[in-house]
Amino acid sequence: MHTRRRTVATLAAAATAASLALVTAGSVTSPAHADARTTRLISDPSLSADVSFAGAGGSSVYYQVPGTEPALYRNLSGKISQVVAADVDVEAVSRDGSRVLVRTADRLLPTDEDDAQDLYLLDASTSPATRTLVSSAGGNSTASFGAASPDLDRVVYQADATYVADGAATPQRLGGPGSQFNAASPDAQAVAYSYDGQVQRVIGSPTNPPTPIQATFVQALSSDGLSGITSSTQGVGAFSSPATTTTTVTPTIVATGVEFLGASSDLRSVYVVDEGQNVRRVDVNGATTSTLLVPGSSNQELQFNAATADRGMVYTVTSASGVGLFRVSGSAVVSDLGAGLGGTPRFGTLTSAGSVLFDVQGADLAELGVYSVDANGIRDQIAAAAAYAGSTADAATVWYVAGETERLFASTASPSTAPAPGTPATATPTPTTTTTTTTTPPTAEVEGKKVQQNDGRIEVGVTCTAAVPCRVTGSGTIAVTVPTARGRKKYTVKAPTSVVAPGQDRVIAFKVRKKVKKAAAKSLKNGGKVKATLLLTVADASGNDRVIAFKVRLK
């Protein structure tokens with residue numbers, strides 16, 4: 001695998017003037033050495049269809065094959081087996097990798113007598129995989145995933161109400177008919193839900209007395225479920241209360257006139273945006289303090305990606321000039337993670353070590369690929385001509401798809417081969433090549449329906465009007481309003497890279513993730529609006545590109 005390390009001496013132009021004003025002139029340098037990585041093929045090389053990463057746990061990696069003969073496969077330490085021949089969406093994989101929770105409209109058991117979406121638990125440690133219908137309660141309503149424990153023994157889902165499926169027991173309904181899931185603790189032992197105009201929290205058994213919370217919506221719960229972040233018409237609030245209290249809890253309002261963006265894992269920092277698009281961090285540990293992280297701009301859309309350990313954040317900015325991926329420190333110092341790279345950077349994940357994984361699409365072939373930027377600002381290209389698929393928490397293994405027929409690969413870090421202290425580093429010279437290229441971006445036309453169904457796909461047509469092939473990559477955001485919480489959440493969408501011949505057209509399909517589709521459906525049901533801003537990056541083989549924006553409303 002080709003791996004290269006890049007030096008960004010100064011942070012290049014940000015996607016907006018507001019971000020530029022905060023970028024410091026501090027330089028970042030390449031390390032004297034880099035950990036080697038090994039690459040191996042995960043998917044079956046004999047498959048003639050594209051594959052997609054579905055999840056991983058333990059020594060197991062799951063991937064899917066779409067199309068007329070859809071199936072879910074498992075690679076267990078190099079041994080590939082088919083888990084189920086059905087059109088499924090993987091919601092979660094158990095920590096040990098032996099079990100997988102899927103959502104499907106296919107009837108995987110005789111007891112499933114309708115065509116509504118259901119949740120199934122598949123135990124791949126047996127052959128064939130054992131199937132258990134998890135969403136057995138909820139009538140014929142469509143079931144959607146809410147949360148699950150790491151071993152998948154406990155699953156929270158939404159059907160005609162909010163339910164908790166605890167092991168082999170019959171799923172228990174939280175509240176009454178029509179209750180709506182809000183949030184859960186990481187182990188799914190604490191659940192917040194709305195019922196009859198009130199928010200409630202229950203910890204442990206679903207039959208335990210719930211704690212009423214004076215809010216419109218619970219955005220996040222702590223690991224023990226005792227603390228949380230809320231939204232209401234009064235603003236964003238924070239609360240902390242005992243597990244067993246049945247007295248109504250009144251959150252402390254920490255910010256008014258703002259929308260909730262995200263929170264740190266310990267819930268001590270909340271990220272909000274005001275009407276002027278100014279993004280602030282509000283610290284709620286003791287006395288409430290506010291820090292301006294990103295000044296607002298009316299010409300940009302900002303999407304919160306992740307909270308960093310230093311109380312900063314990673315975020316994506318979309319503007320008329322394109323898309324940028326940034327990291328701002330807790331002291332409001334901004335870094336352009338894609339500085340010097342052409343194309344569109346797309347956020348992947350923030351690792352436990354503080355590295356940001358992302359891919360770049362629509363760029364020159366030499367820059368197209370998967371990248372990592374560590375906490376010190378050192379950027380490493382993990383895979384060339386590839387799209388990010390997933391990773392372990394520490395990024396020891398990164399999965400990506402590559403190839404004309406998309407295959408799934410794993411890139412695994414080898415033990416460090418750092419030289420002894422004081423040993424001079426040996427630099428590998430970069431070969432010099434001379435090429436003659438055009439600097440004019442290719443032209444293309446984009447068309448499609450301005451209003452589309454919330455069915456998990458957004459489709460637009462692209463016609464290549466250039467004299468050379470157009471490499472088209474799609475990215476964008478979906479803004480989902482939460483009417484009752486006076487808030488808005490944004491999610492990313494992606495479309496795989498397609499090559500369109502001159503004069504030809506192709507449908508570019510953006511896949512909407514399950515949780516986004518669920519959030520959109522909930523918003524639409526409550527009178528909210530769901531709008532998608534799609535960015536089609538059209539590039540030629542030399543890396544010249546242009547970005548075409550297209551907006552769609554979902555219904």
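# Structural briefing: cores, cavities and selected residues

Strand β31 contributes the most to the lining of the largest cavity, supplying four residues. The model described here is predicted. The protein contains two helices and 45 strands, and 50% of its 555 residues count as buried. The points below treat the overall build, the cavities, the nonpolar cores and several individual residues.

**Overall build**

- Among contacts between residues at least 6 apart in sequence, 47% join residues at least 24 apart.

**Cavities**

- Four cavities of 30 Å³ or more are found when the whole structure is searched.
- The volume of the largest cavity is about 110 Å³.
- Its lining comprises 15 residues, and those nearest the centre are T316, V323, S475, G476 and T492.
- Two or more lining residues come from each of β28 (313-319), β31, β41 and β42.

**Arg346 in strand β31**

- R346 belongs to strand β31, which spans residues 344-350.
- The relative accessible area of R346 is 8%, so this arginine counts as buried.
- A polar atom of the R346 side chain lies 3.5 Å from the backbone oxygen of A495.
- Apart from residues up to four places away in sequence, R346 touches F358, D359, Q361, A387, T473, G474, S475, K494 and A495.
- One of these, S475, is also among the residues nearest the centre of the largest cavity.

**Nonpolar cores**

- The largest nonpolar core consists of 30 residues, and I458, I478, F510, L534 and L536 have the most contacts inside it.
- At least two residues of this core come from each of β38 (444-447), β40 (457-464), β41 (470-482), β42 (487-500), β43 (505-511), α2 (514-525), β44 (530-539) and β45 (545-554).
- Strand β44 is the element that gives the most to the core, with five residues.
- Setting aside neighbours within four places in sequence, I458 is in contact with Q452, I478, I508, A509, F510, V512, A532, L534, V552 and L554.

- S194 lies in strand β16, which covers residues 190-195.
- With a relative accessible area of 19%, S194 is under the 20% limit and therefore counts as buried.
- The side chains of S194 and N182 make a polar contact at 3.1 Å.
- Beyond residues up to four places away in sequence, S194 touches S179, Q180, N182, V199 and T216.
- S194 and P212 are 18 residues apart along the chain, and their C-alpha atoms are separated by 9.6 Å.
- S179 is placed in the loop between β14 (172-174) and β15 (180-184).
- S179 is buried, and its relative accessible area is 0%.
- The side chain of S179 has a polar atom 2.7 Å from the backbone oxygen of L174.
- Excluding neighbours within four places in sequence, S179 is in contact with Q158, D160, A161, T162, L174, Y193, S194 and Y195.
- S179 and A161, 18 residues apart in sequence, are 4.6 Å apart from C-alpha to C-alpha.

**Backbone features in loops**

- The peptide bond from S127 to P128 is cis, with omega near 0°.
- P128 is placed in the loop between β9 (118-123) and β10 (130-133).
- A332 has a phi near 70°, a positive value in a residue other than glycine.
- A332 lies in the loop between β29 (322-328) and β30 (334-336), and at 14% relative accessibility A332 counts as buried.
- A395 has a phi near 65°, again a positive value in a residue other than glycine.
- A395 lies in the loop between β35 (386-391) and β36 (397-402), and at 13% relative accessibility A395 counts as buried.

Key
Residues are numbered from 1 along each chain as its sequence is written. This is a predicted model: local features need pLDDT of at least 70, side-chain atom pairs count only at pLDDT 80 or more; totals for chains, interfaces and linings use all residues. Side-chain values use heavy atoms; hydrogens and water are left out. A nonpolar core is a set of buried Ala, Val, Leu, Ile, Met, Phe, Trp, Tyr and Cys residues joined through side-chain atoms within 4.5 Å. Buried means under 20% relative accessible area, exposed over 50%, partly exposed in between (1.4 Å probe, protein chains only). Contact means heavy atoms within 4.5 Å. A polar contact is a pair of N or O atoms within 3.5 Å; within protein, one must be able to donate a hydrogen and the other to accept it, and residues adjacent in sequence count only if both atoms are side-chain atoms. On a 1 Å grid over the protein atoms alone, a cavity is a set of points where a 1.4 Å probe fits but cannot get out, and a pocket is an open set with protein on both sides within 12 Å along at least five of seven lines; lining residues have an atom within 4 Å of a point. Grid points are joined across faces, edges and corners, and a volume is the space filled by probe spheres set on the points.
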